[in-house]
Amino acid sequence: MIRNGVLPANNRAFIAHALSSVGVRSDGRGPTDTRALSISFGCSYGSAYVELGKTKVMVQVTAEAVPPRPERPSDGFFLFDTEFSPMAALEFDGTPYRAEQVELGRVVERGLRESHAIDTEALCISSGRRVWCIRVRIHVLDHFGNLIDCASIATITALLHFRRPDVSVSGDHVHIYGIEEKTPVPLSIHHIPVSVSFAFLNNGGNVVVDPTVEEEACMDGRLTITMNSQEELCAIQKAGGTAIEIGTVLECMRVAAVKASEAIAAVKAALEVYAEA
């Protein structure tokens, strides 16, 4: 058991030895195996619940008509909020703005923003007067490792599931229709970016995808690669001081392309099942 973010020495030694000697992880997976992925939806548009193994994240997307930012009068924008439930892990004590919260929100946001996955111009209602502010709330319910990937999948799933109210503009008047008046409108999403995280253990000698919380406690560094189904690199982030060879990075990108495509296929399948229900 991990207490205060520290893994007992015997557990660390077992994880390291199993990987270096036989290439098997403590939960029986191989280095490039991911945990089971489950996706479900809430009662309202933009509510997604994702389980990656035992890690559980819920994302809720909402929209509000607000004045635009002065520097981008014809573009809507996104706001990301991250909440770590004290029930998710022992170290989550309800303290606001933990380093993990800030990092999680920034990595997920960067994968969407830098890849221009979402058309922000389509969020304009009336240039210079009203645009849509899309708020993404990420709720961590259970932390058993790899929160970034679980939150990334949950976020893009919730955005794909979300429908904003339809609007009409007449002169200076903006009318926002209710669900009963007009069918809500989906967001304009160009492609689906998903992050895939790798942990480096044994001084970088072993690399595993989708690390558990125990593997994260003894890893020397982490590499998060965000890719879409077209195998385009959307974002990349390295955390930790371990040096990584360029060949290792390229191999991680090859694995990430496969894992991202699998996750995107699961997201699409879940949305199709929901649409047919």
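One definition before we click on anything: a residue is called buried when its relative accessible area is under 20%, and exposed when that area is over 50%. Also keep in mind that this is a predicted model.

**Stop 1: a histidine in a loop.** Select H191, in the loop between β10 (185-186) and β11. Is H191 buried or exposed? Its relative accessibility is 14%, so H191 counts as buried. Now show its side chain: it reaches the backbone oxygen of S115 at 3.0 Å. The side chain of H191 also makes a polar contact of 3.2 Å with the side chain of N228. Leaving aside residues up to four places away in sequence, H191 touches S115, H116, A117, N228, Q230 and C234.

Stop 2: Next, select residues 9-22, which form helix α1. This helix has 14 residues and spans 20 Å from its first C-alpha to its last, close to the 20 Å expected. Colour I15, A16, A18 and L19, which are buried. Now turn the view to look down the axis of α1: the buried residues fall within an arc of 160°, so they line one face of the helix.

What do the buried residues of α1 pack against? Show β11 (194-201), β12 (206-209) and α4 (213-217), and you have their partners.

**Last stop.** Click on G23, which follows α1 and has a positive phi, near 70°.

Definitions and conventions: Residues are numbered from 1 along each chain as its sequence is written. This is a predicted model: local features need pLDDT of at least 70, side-chain atom pairs count only at pLDDT 80 or more; totals for chains, interfaces and linings use all residues. Side-chain values use heavy atoms; hydrogens and water are left out. Helices (H or I, at least four residues) and strands (E, at least two) are DSSP runs, numbered from the N terminus. The expected span of a helix is 1.5 Å times one less than its number of residues. Buried means under 20% relative accessible area, exposed over 50%, partly exposed in between (1.4 Å probe, protein chains only). The arc is that of the directions from the helix axis to the C-beta atoms. Contact means heavy atoms within 4.5 Å. A polar contact is a pair of N or O atoms within 3.5 Å; within protein, one must be able to donate a hydrogen and the other to accept it, and residues adjacent in sequence count only if both atoms are side-chain atoms.
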